[in-house]
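Hi,

Here is the structure I promised to pass on.

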Amino acid sequence: MKKLIPSYVRVPLIFAFVFGALEYFIDSGDRPAFIKFPMVGLFLVVFLFLLVAIEIVVSAIDKVTYHMLTDAQREQLKEAQSVSFTESKWVQSIMKSMTRSKAIEQEADVMLEHDYDGIKELDNVLPPWWVYLFYITIIFSIVYLVRFHVMGDYNQAQEFDQEVAAAKLEIEKNQLIAPKEEITLDKVTMLTDAESLAKGKEIFANACAACHKADGGGVVGPNLTDEYWINGGGIKNVFKLIAEGSKNNPTMVGWAKTLGTKEVQKVASYVMSLQGTKPAGAKAPEGEKWVEEAAPKTEAAPVADSTSVVQKQ
């Protein structure tokens, strides 16, 4: 049987529509849904298989049905299929209802008496779709006038403020679900701004003060204000210890998964800022004195004494 759209076009179009709908409605983040969720990929494969199977079955039924027709019915079918899509009866009826134009044979019925140098004018009615669209614009303008100029609904400035507020909420939502920035050991640096140190102090007071005292002087844990360190000093060692915990002391657990590496960096920076504060009642130093490694200095070669050279000669 003749189809308006051939199967080799129809199947890819239907599959593409379903594929696009799945990608649109399934929230899969930065990866396609069929990759992130294997069941989606399996569904697409099964769906494509069913589409092809249905086309094969329908084609087989059409062939069987065609062979069951009589010669007269086959001629009627062939004649019907020879008519193009635009010349089909239902298309012609739709166009007629949309335009209400007169056929060429009926132009005498709508011919006006105006004659301009042999050019005659027809009195065809306006297309219904144009008239209806014109009526819709009138109704819309009345509703708009009453809503915004009579009832005093929101104006453009208020609409702008609403859009800005909605955009801010969307940004905040995306920031919450966005992956947190990771600070690695090789990239960590000491923060010195007041906001970061204040946040580090807040976390330290809640999570570390029980063992190290609020001023860092040490209780169960060691004194953090002197120059001596058990696991090495400096921002990198302190960051690593807070993030991963201590292998020698099970009490000192890693906080990277709980706080996130950015917050660990702030705590480590606050701990480093306690150096030299000398709080009252601080514990005695533990560990070894830490000295930051400095770039090696190149010693100048000694200048030879000319007199001694002369004497050696």
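Let's start at a strand pairing: Tyr116 has Ile119 of strand 2 as its bridge partner. Before I go on, this is a predicted model, where local features need pLDDT of at least 70 and side-chain atom pairs count only at pLDDT 80 or more, while totals for chains, interfaces and linings use all residues. Numbering runs from 1 along each chain as its sequence is written, and side-chain values use heavy atoms, with hydrogens and water left out.

Back to the strands. Strand 1 (residues 111-116) and strand 2 (residues 119-122) run antiparallel and are joined by three bridges. (Strands pair if DSSP finds at least two bridges between them; helices, H or I with at least four residues, and strands, E with at least two, are DSSP runs numbered from the N terminus.) The two strands make a hairpin with two residues between them, and Asp117 in the turn has a positive phi of about 55 degrees.

Next, helix 6 (residues 128-150). Its 23 residues should span 33 Å at 1.5 Å a residue, and the end C-alpha atoms are 32 Å apart, which agrees. (The expected span is 1.5 Å times one less than the number of residues.) Which residues of helix 6 are buried? They are Pro128, Val131 and Phe148, where buried means under 20% relative accessible area, exposed over 50% and partly exposed in between, with a 1.4 Å probe and protein chains only. These buried residues pack against helix 5 (89-99), with contact meaning heavy atoms within 4.5 Å. After helix 6 comes Gly152, with a positive phi near 70 degrees.

Now the rings. A search of the whole structure finds ten aromatic pairs. (Rings of Phe, Tyr and Trp, the last by its six-membered ring, pair if their centres lie within 6.5 Å; planes under 30 degrees apart are stacked, over 60 edge-to-face, the rest tilted.) One of them is Phe19 with Phe34: the centres are 5.7 Å apart and the planes at 55 degrees, so this pair is tilted. Phe19 lies in helix 1 (residues 7-25) and Phe34 in helix 2 (residues 33-36), so the pair ties together parts 15 residues apart in sequence. Phe19 is partly exposed at 28%, and Phe34 is partly exposed at 35%.

Phe148 and Tyr154 pair edge-to-face, 5.3 Å centre to centre with 85 degrees between the planes. Phe148 is buried at 19%, whereas Tyr154 is partly exposed at 27%.

Cheers

Terms used
The expected span of a helix is 1.5 Å times one less than its number of residues.
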